[in-house]
Amino acid sequence: MEEPFMNNAITHDPISRRTFLKLAAGTAAGAMLFKFPFTASAKEAAAAMEIRPIALADLPKTGEAAAKAAPLIKSSYADILKIVDTIKDSSLRSAVLAMIKNPFPTFMENYTSSSSIQRLYNQLLDQKLIDPSKISAETLLPPVPTKLQPFMTAPGSGYMSHHSYPGGLSTHVDSNLHITVGICETYKDVFHYDVDYDTAVAAQALHDIEKPFVFQWQEDGSSRKEYTIAGQGAHHVLSIAESIYRGMPAEEIVAQACAHAAPTSKKEEADVVSWIRAASIIIGKDPVRLGLLTSDGEGLPAPHKQEGYIVHLGDHDWVLSVPAAQKSIAILKSICRKDYGFTEQEANGARFNAFRNYIGAQVSFLYINHLSSLPDAENQLRNLCHQVVLK
């Protein structure tokens, strides 16, 4: 059966205030990515995004090449650097820029043998920070490549999740930084006080810093599978670990750790604590002595600072972009069969991966999802693909 072009309605329970805030953040992220009219045609949109059509046979063979060929990705990455450059503390600004320009996991210098990784695995297992049914010593840490891909070319998440195209990390972080800066400015305009802007921006910029390491592009055009540490995708804990290892300030590390949960309840605070504990074990440091946890190691430093909550709110782009990605991938599969003659096997393999990677990097899955809700969606979507990849 062909996948539908139009989104199906989804029925939800009554929406809570917190869920509403999440949806608002995600919607804002989508609006910021595009600078052309809501009613733009596929041709107008392609022109606005400076897309140069490419022949199907000439599609980039690697994720890195697809990202580097996308004006959207280059623009988003440049915007990240521009926003980070507004951090007033020169030492913090330099440290954040250094990590973005070279996200290589320096903590991995401690794990050059299988025996050292096994010892780490056993430590995390003893502390109940990993589930042996979901992760093994062999899959605990990604393999260290000879040359790590740049921040700019990494996907935003796993292959069926948010911004899962080459350069999706750049669009994701750029969106989140815009939202985070907006929250800081809103609190100043409405409530007449300044939060720690530097900490909030630095933490948001670094919250996914190890995705280039975790989501390495594979030969078939997919990204490496992510495993789980402390109940979260490994990228979160490994990103915290790298920030600790590079000596980032305690306030930044705690705010960064809050990206996936804020201490709004004992349960959520315990989750953040577990991520910091796991990261600290990975780099062999005491989180209490570093000022990351309370003296008993059971809580975050009190009183809780607002920057962690702001980073958490700013990282809610996924509320919109996860379903947008899943629906957009289904749409692209349908189009590649109908318009480009892909067989069923090709639509589920490397050839389709190259097709969806290139189109995703050029226009984003958010924009494809947006078009799918407009009148004449099928023609608009097919025309858009024809503007990107020639038939």
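**Buried and crossing helices**

Q: Which residues of helix α8 are buried?
A: In α8, the buried residues are Tyr197, Asp198, Thr199, Ala200, Val201, Ala202, Ala203, Gln204, Ala205 and Leu206, where buried means under 20% relative accessible area, exposed over 50% and partly exposed in between (1.4 Å probe, protein chains only). Helices (H or I, at least four residues) and strands (E, at least two) are DSSP runs numbered from the N terminus. This is a predicted model, in which local features need pLDDT of at least 70 and side-chain atom pairs count only at pLDDT 80 or more, while totals for chains, interfaces and linings use all residues. Residues are numbered from 1 along each chain as its sequence is written, and side-chain values use heavy atoms, with hydrogens and water left out.

Q: What makes helix α8 largely enclosed by the rest of the structure?
A: Ten of the ten residues of α8 (residues 197–206) are buried, so this helix is largely enclosed. Its buried residues pack against α4 (71–84), α5 (90–101), α7 (168–191), α10, α11 (250–257) and α13 (306–314), contact being heavy atoms within 4.5 Å.

Q: Why is Lys327 called partly exposed?
A: Lys327, which is found in helix α14 (residues 318–340), has a relative accessible area of 27%, and it is therefore called partly exposed.

Q: Why are α10 and α12 called oblique to each other?
A: The axes of α10 (residues 234–245) and α12 (residues 266–283) come within 8 Å and cross at roughly 55 degrees; axes are lines fitted to C-alpha atoms, for helices over the stretch in contact, and angles run from 0 to 180 degrees between N-to-C directions. Angles under 35 degrees count as roughly parallel, over 145 as roughly antiparallel, 65 to 115 as roughly perpendicular and the rest as oblique, and α10 and α12 are therefore oblique.

Q: What makes α7 oblique to α13?
A: Helices α7 and α13 pack at an angle of about 135 degrees, with their axes 8 Å apart, and that angle makes α7 oblique to α13.
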